[in-house]
Amino acid sequence: MVRVFSGRGKYITGYHAASNDYRGGVWVDAIEADGDGKDEIVTGTWSNGRPGVFIVDVDHNFTSITLQRSFDAYHPFFSGGLRLTGVE
Ligand SMILES: [Ca+2]
């Protein structure tokens, strides 16, 4: 579960950054992925799960999130985990 807070510490929401049955950790970073000048949250499964990457946008009022894109970084059976970093 990834919990999202505003820059002032206000809780916004939480979401599963992998399949609902995944119980491992996730790697979290931020990247400007859609050209609007504001970073999105990007996560990848840490280990022992499908190598999924999720890119999530938080709206400008910090009230909701939207899944922008998800994909497998490697073959779906790869379970070595992901380490992510944002590059702009
Ligand atoms: Ca953006």
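1. N48 counts as exposed because it has 12 C-beta neighbours inside 10 Å, where exposed means 12 or fewer other C-beta atoms within 10 Å of the residue's own, buried means 20 or more, partly exposed covers the range in between, and the C-beta atoms are placed from the backbone.

2. The coordinates come from a predicted model, in which local features need pLDDT of at least 70, side-chain atom pairs count only at pLDDT 80 or more, and totals for chains, interfaces and linings use all residues. Residue numbers start from 1 along each chain as its sequence is written. The mean pLDDT of the chain (pLDDT being the predictor's confidence in each residue, from 0 to 100) is 88, and 99% of the residues reach 70 or more. Confidence in the chain is lowest in β2, at a mean of 87, and highest in strand β4 (residues 40-45), at 93.

3. As for overall composition, the chain has zero helices and six strands, and its pattern along the sequence reads β-β-β-β-β-β. The radius of gyration, taken over C-alpha atoms, is 13 Å, which agrees with the value near 12 Å that a compact globule of 88 residues would have; the globule rule used here is 2.2 Å times the number of residues to the power 0.38. Along its principal axes the C-alpha trace spans about 40 × 25 × 15 Å, and buried residues make up 17% of the 88 residues.

4. The strands β3-β4-β5-β6 form, in that order, an open sheet of four strands with antiparallel pairing, two strands being paired if DSSP finds at least two bridges between them. Because β3 and β6 (65-72) stand at the edges with a single partner strand each, one side of each is left without a neighbour in the sheet. From one strand to the next the twist averages 20°, as an angle between N-to-C directions, running from 0 to 180 degrees, of axes that are lines fitted to C-alpha atoms (for helices, over the stretch in contact).

5. Within this sheet, β4 and β5 run antiparallel and are joined by four bridges, with V42 opposite I55 in β5. Between β5 and β6, also antiparallel, there are seven bridges, and the bridge partner of V56 in β6 is L67. The hairpin of β5 and β6 has six residues between the strands, and F62 there takes a positive phi near 55°.

6. The largest nonpolar core has eight residues, namely A17, A18, V26, I41, V42, V53, F54 and V56, where such a core is a set of buried Ala, Val, Leu, Ile, Met, Phe, Trp, Tyr and Cys residues joined through C-beta atoms within 7 Å. β4 and β5 (52-58) each supply at least two residues of this core, and β5 gives the most, with three residues. Leaving aside residues up to four places away in sequence, V56 touches Y15, E40, I41, I65, T66, L67 and Q68, a contact being a pair of C-beta atoms, placed from the backbone, that lie within 7 Å. Across the chain, among contacts between residues at least 6 apart in sequence, 41% join residues at least 24 apart.

7. Strands β1 (residues 2-5) and β2 (residues 11-15) run antiparallel and are joined by four bridges, and R3 stands opposite G14 in β2. Their hairpin has five residues between the strands, and G9 in it takes a positive phi near 90°. G9 is exposed because 6 other C-beta atoms lie within 10 Å. G9 and I65 are 56 residues apart in sequence and 16 Å apart in space, C-alpha to C-alpha.

8. I31 belongs to strand β3 (residues 26-31) and counts as partly exposed because it has 15 C-beta neighbours inside 10 Å. I31 and G86 lie 4.8 Å apart in space, C-alpha to C-alpha, although 55 residues apart in sequence.

Definitions and conventions: Two residues are in contact if their C-beta atoms, placed from the backbone, lie within 7 Å.
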